[in-house]
Amino acid sequence: MKQIVIDGGKTLKGTIKVSGAKNSAVALIPAALLSSGIVKIDNIPDISDVKALEDILTFLGAKVKHEGNLMEIDSSNVVSKEIPRELSNKLRASYYFMSALLGRFKDVTMYFPGGCSIGARPIDQTLKGYRALGANVTEVEDKVTVKASKLKGDDIYLDMPSVGATINILLSACISEGVTVIHNAAKEPEIVNVATFLNNMGAKIKGAGTSVVTITGVDKLGSCFTEVIPDRIEAGTYIVAGALCGDKLRVENLIPKHIDAFLSKLDEMGVELEVGTDYVVVSKTPCIKPVNIKTLGYPGFATDLQQPITPLLCTCEGVSKLEETIYENRYKNIPELEKMGASVETITNRIIKIHGPIEFKGANVSATDLRAGACLVLAGLAAKGKTTIDNVEYILRGYENIIGKLTDVGASISLIDN
Ligand code: EPU
């Protein structure tokens with residue numbers, strides 16, 4: 001069993017470079033299957049979710065060369081076959097393979113995807129999209145079979161701006177007849193990254209990044225090169241580390257615009273912050289003010305930064321309010337944070353109040369999901385004494401070299417294997 005051990009209270013100084021975005025990479029890799037040639041993707045983060053996708057690519061018959069952060073995928077010999085449950089259950093993004101295989105072969109059977117347990121996470125909007133494109137969708141127990149003689153464009157109205165459904169519809173509708181229009185599409189930067197990749201392969205997608213995305217079907221997609229955008233959630237996580245323990249900690253290789261809502265909250269708190277073109281410099285600031293935060297789809301405050309910002313709210317002078325509107329079960333970090341001294345009042349399963357300021361003390365805690373794990377690492381960095389975190393596999397799914405990056409700026413943190 002792997003654990004992260006942190007001896008807290010160290011000042012963080014120096015530079016952290018942000019890696020490629022997990023939530024882009026996990027969509028770009030399956031999207032590569034739509035090409036009948038070779039695609040190259042650079043800036044792929046070295047995280048366990050990418051390894052899990054690589055295993056699926058290989059299982060489906062793709063040839064993968066992965067050196068450093070560059071991945072070359074040759075999908076010319078790929079076939080559509082059922083991905084074993086133990087491979088597809090590992091992560092949410094495995095369902096992007098379902099859409100890519102449907103788009104290319106018009107016939108796919110897959111288990112429902114896995115992913116962090118932070119809410120129900122149904123896939124009804126994706127299945128609705130497949131049906132709108134003319135596919136026949138059959139659900140039997142935990143498996144879905146989707147077949148079509150051909151896919152034909154249509155108007156699709158999403159009930160909510162779902163990131164997954166928007167990407168799934170993009171992937172399944174690129175190689176089709178006619179025009180597909182996604183209304184109420186999600187606007188996250190990762191969607192723009194995927195659409196640009198597909199357009200580089202020869203797709204005709206317009207409007208990605210807005211709430212109406214139009215896809216004009218083409219016959220086939222070819223070779224291309226693309227780059228994964230910087231991980232805005234990793235960037236935000238390290239910026240919180242700087243706000244808790246930094247002395248001019250520089251977080252670089254990010255697109256500040258992608259975390260505008262987050263940065264404006266830090267500004268409202270009074271955190272000492274310099275925002276440059278592709279970097280942020282941040283320091284621990286005395287007497288920061290409490291704020292209210294409501295998570296929303298992009299460009300609102302990202303739900304994935306809700307748990308990482310919580311330790312900072314604990315250090316504010318007064319009561320902050322958090323409202324989680326995307327997931328119904330994204331406060332599993334709170335009981336763990338309370339072991340470290342946090343004072344939290346639960347109003348509903350969506351709304352909590354955080355009473356500050358408190359000083360964190362080291363404790364034995366457990367990560368319940370990826371961002372809950374990030375939250376505990378951040379509290380551990382700020383805490384007096386030793387923090388031991390269990391279930392760190394969650395954290396390693398989404399943060400490239402988190403131990404090395406934090407050690408390099410002065411943290412005392414290690415990964416141990418018991
Ligand atoms: N929803 C439905 N039906 C659907 C699809 C979504 O009811 O068919 C609901 C979900 O249950 C959820 C909300 O709509 O309550 C938003 O879900 P969305 O589809 O937007 O999320 P996702 O695609 O499953 C991605 C990221 C998440 C991130 C969300 C929101 C990946 C692999 N995952 O999930 O990332 O929280 O978008 O931004 O891209 C993380 O990185 O820690 C993480 C959980």
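**Note on helix packing and ligand contacts**

1. Helices α4 and α6 are roughly parallel to each other, because their axes cross at roughly 20 degrees and angles under 35 degrees count as roughly parallel. The axes of α4 (residues 95–105) and α6 (residues 163–173) come within 7 Å; axes are lines fitted to C-alpha atoms over the stretch in contact, with angles from 0 to 180 degrees between N-to-C directions. Helices are DSSP runs (H or I, at least four residues), numbered from the N terminus.

2. This is a predicted model, in which local features need pLDDT of at least 70 and side-chain atom pairs count only at pLDDT 80 or more, while totals for chains, interfaces and linings use all residues. Residues are numbered from 1 along each chain as its sequence is written, and side-chain values use heavy atoms, without hydrogens and water.

3. On the α4 side, Y95, Y96, S99, A100, L102 and G103 meet V163, G164, A165, I167, N168, L171 and S172 of α6 (contact: heavy atoms within 4.5 Å).

4. Helix α1 (residues 22–31) packs against α2 (residues 48–59) at about 5 degrees, with the axes 10 Å apart. The pair is therefore roughly parallel. K22, A25, V26, I29 and P30 of α1 make the contact with D49, V50, L53 and L57 of α2.

5. Around the ligand there are 22 residues (a heavy atom within 4 Å), of which S162, V163, D304, I326 and R371 come nearest.

6. Polar contacts are pairs of N or O atoms within 3.5 Å. Ligand oxygen atoms lie 2.8 Å from a backbone N or O atom of G164, 2.5 Å from a polar backbone atom of I326 and 2.9 Å from a side-chain N or O atom of Y327.

Note on methods:
Helix = DSSP H or I, 4+ residues; strand = E, 2+ residues; numbered from the N terminus. Parallel < 35°, antiparallel > 145°, perpendicular 65-115°, else oblique. Polar contact = N/O pair within 3.5 Å; in protein donor to acceptor, adjacent residues only side chain to side chain.
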